[in-house]
Amino acid sequence: MNKEPMARRTAVALAFVVGALVAAAPACGSPMVYTANFVTNIKIGDHTYHNASVTIVFKGDTSDIANVAVGGTLLASGLCPAPAGGGVGYFKYLPKGVVTISARSDGGTITATLLPNQVFVAFDSCNGGIGFGSYVTGNPEPAYPVGFTLGTAMSWSVNNDLTTPGNMSGSAFSCIGYPPNGIGAAQGNNDACTAPDGYPLYSNVGHVYIYQPYTTQGHISNHGGSLNRGTFSIAPNTATDD
Amino acid sequence: MKTRNWTHRLLGSALVLGTIGVQAAPVVYTLQTVGDGKLGSYPFAEALISIVQVSDTSHVVATPSGSGMLFVNKAGYARVTIVQNGKPVVAKFESGQIYVFYDTGKGIAGFGSAISPTYPVALDCSNTVNGTPYTADCQAGNALNNYRDGTLSALFLGSAEFTQQTLALPTSLAQSTLLTGHAHMCAVTYTVGNSANTFEDFGDLGTCVDPAPAAHTLMTDHGGFFLQDMVGGSTVSVGPNGWGGWDTSNVGYLRVSVPEIDD
């Protein structure tokens, strides 16, 4: 029951698997806060927090939202040719922003401010995925430190974009090598996610690693493989000090 | 290095009927999801919802439930935070309005009340009626139908298809753990006959029907509070393969946090 037949695997994020990323920004934007909440094991500096309440906050501007492009051509999913197919058909990202990762555990909270240009807001309006990606492997990783699919995160992503405020919930993947199952142009990652230990996020308080302990064993499917759940929010940034 | 005190470790393995928390330890239960309802005069739709109960493990009570146990903690105080458009509103529940529960015999967990033992929020309830009598929601867990959704299903099934770290999650409400699944937020029942397309999480329930929400209001210092799930399994189809139904419902997690103590 937990293994996805091929037909379902076709509904997987293909974003960020290839090529250069080219900005195609709208003319004007507005400051926005993107927030993910979930519970998992996290290491910050030399301390590991088990089942910590993790909050990742990305403060950026919608004017920096860009279509993912390869060689100057917008990367459209073959599954969702724009404008038909349930979405605009393009993969988007927001690469510029200030990112903090907070872990609350045992009544205390530690907050790490990431050094610039490591994390981006990832958005797959075709298949319905949203979250925070990074370049920890040198290549774009669309679901690490966290990506959400299924749940209302999936339906919201198909029907909206990164400029629309909203709250959603979904399956939380902290997966280097997403999608784990090969599909279409994505080769997959041998049905697994790569352990993050060799791929730190750099912060003002040391290296940050986010783990994914609660999954299926042996075969991590692109949708049902993670047992973790979380929420993702988009809200206007009304703070005066940002 | 912090390690768990040996007395806390014993709590998970030395269950007896009645109060199990012989050794007291502070505990915080936090449930987070997204949903619809009203707090005082403030209606909300698809808002971020966090319900927190602060208590002590000595107040966890266990009673048999099927092949498992029903754990309940009714002591302490609770609050709810509603966030819509980035703006939080925090309300404190009046005493005795809600309590945390985990029914390992059904594979469900959440917050119950005098209105319903699975209301305002329960995780990983069955989404399937399939012609059987249905007068109250969440009488069974989702995994009972052999479906999988989150750690609650995994712990109920206990099979080797899940990681050891998952199967080792404590199940007593007296130790730190993480319980996840799709969210039911309904005082009475959902609509029946939903035919939305699903691949992973099957079910024929739609959205929550509540003909008398005033009667299903929980009292807070910000006025009455109720939840009514207006999404449920009603999403018909999204994306190129048409995901819908309970695959695209709101989901949530219940975090049990017992501070680790230096030996």
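User: Which residues of H2(A) are buried?
Analyst: This is a predicted model. In it, the buried residues of H2(A) are Gly151(A), Thr152(A), Ala153(A), Met154(A), Ser155(A), Trp156(A), Ser157(A) and Val158(A). Helix H2 of chain A covers residues 151–159, and eight of its nine residues are buried, which leaves the helix mostly covered.

User: What else is in chain A, in terms of helices and strands?
Analyst: Chain A has two helices and 15 strands. Buried residues account for 55% of its 242 residues.

User: And how many of the contacts join residues at least 24 apart?
Analyst: In chain A, 67% of the contacts between residues at least 6 apart in sequence join residues at least 24 apart.

User: What pLDDT does chain A average?
Analyst: The average is 84, and 78% of the residues in chain A score at least 70. Over residues 1–26 of chain A, though, the pLDDT is below 50. That stretch still has 81 contacts in the model beyond near neighbours in sequence. Where pLDDT is low, the predicted coordinates should not be read in detail.

User: OK. Which residues touch the most other members of the largest nonpolar core?
Analyst: Val54(A) and Val121(A) do, in a core of 124 residues. Strand S1 of chain A, residues 31–44, gives this core its largest share, eight residues.

User: What does Val54(A) touch, leaving out residues up to four places away?
Analyst: Val54(A) touches Phe38(A), Val39(A), Thr40(A), Ile42(A), Ile101(A), Ala103(A) and Ile210(A).

User: Switching to Phe173(A). Is that one buried or exposed?
Analyst: Phe173(A) is buried, because 31 other C-beta atoms lie within 10 Å, and the cut-off for buried is 20 or more. Phe173(A) is part of strand S12 of chain A, residues 166–173.

User: Which residues is Phe173(A) in contact with, leaving aside neighbours within four places?
Analyst: Its contacts are Ala143(A), Val146(A), Gly147(A), Tyr178(A), Gln212(A) and Ser226(A).

User: Now the contact between the chains. How many residues does it take from each?
Analyst: It takes 43 residues from chain B and 49 residues from chain A. On the side of chain B that touches chain A, at least two residues come from each of strand S2 (26–39), strand S3 (42–56), helix H2 (150–157), helix H3 (164–167), strand S11 (177–184) and strand S16 (251–257) of chain B. The residues on that side divide into 16 nonpolar, 20 polar and seven charged.

User: You mentioned S2(B). Why is it largely enclosed?
Analyst: Ten of the 14 residues of S2(B) are buried, so the rest of the structure largely encloses the strand.

User: What does S2(B) pair with?
Analyst: Among its partners is S3(B), antiparallel over 13 bridges. Lys38(B) stands opposite Pro43(B) in that pairing. S2(B) and S3(B) form a hairpin with two residues between them, and Gly40(B) in the turn has a positive phi of about 60°. S2(B) also runs antiparallel to S16(B), with five bridges joining them; there Gln32(B) stands opposite Tyr253(B). Strand S15 of chain B, residues 223–227, pairs with S2(B) in the antiparallel sense over three bridges, and Gly37(B) stands opposite Leu227(B).

User: And S8(B), how many of its residues are buried?
Analyst: Six of the six residues of strand S8 (residues 98–103) of chain B are buried, so the rest of the structure largely encloses it. Ile98(B), Val100(B) and Tyr102(B) point one way, while Tyr99(B), Phe101(B) and Asp103(B) point the other way. In a regular strand the side chains alternate between the two faces of the sheet.

User: Which residue in S8(B) is the bridge partner of Phe71(B)?
Analyst: The partner is Tyr102(B). Strand S5 of chain B, residues 68–73, pairs with S8(B) in the antiparallel sense over four bridges. Tyr102(B) also has Ala109(B) in S9(B) as a bridge partner.

User: What do S8(B) and S9(B) form?
Analyst: They form a hairpin with four residues between them, and Gly107(B) in the turn has a positive phi of about 75°. The two strands pair in the antiparallel sense over six bridges, with S9(B) covering residues 108–113.

Conventions:
Residues numbered from 1 in each chain as written. Chains lettered and ligands numbered in written order. Predicted model: local features only at pLDDT ≥ 70, side-chain atom pairs only at ≥ 80, totals over all residues. Buried ≥ 20, exposed ≤ 12 C-beta atoms within 10 Å, placed from the backbone. Contact = placed C-beta atoms within 7 Å. Nonpolar A, V, L, I, M, F, W, Y, C, P; charged D, E, K, R; others polar. Core = buried A, V, L, I, M, F, W, Y, C linked by C-beta atoms within 7 Å. Pairing = 2+ DSSP bridges. pLDDT = per-residue confidence, 0-100.
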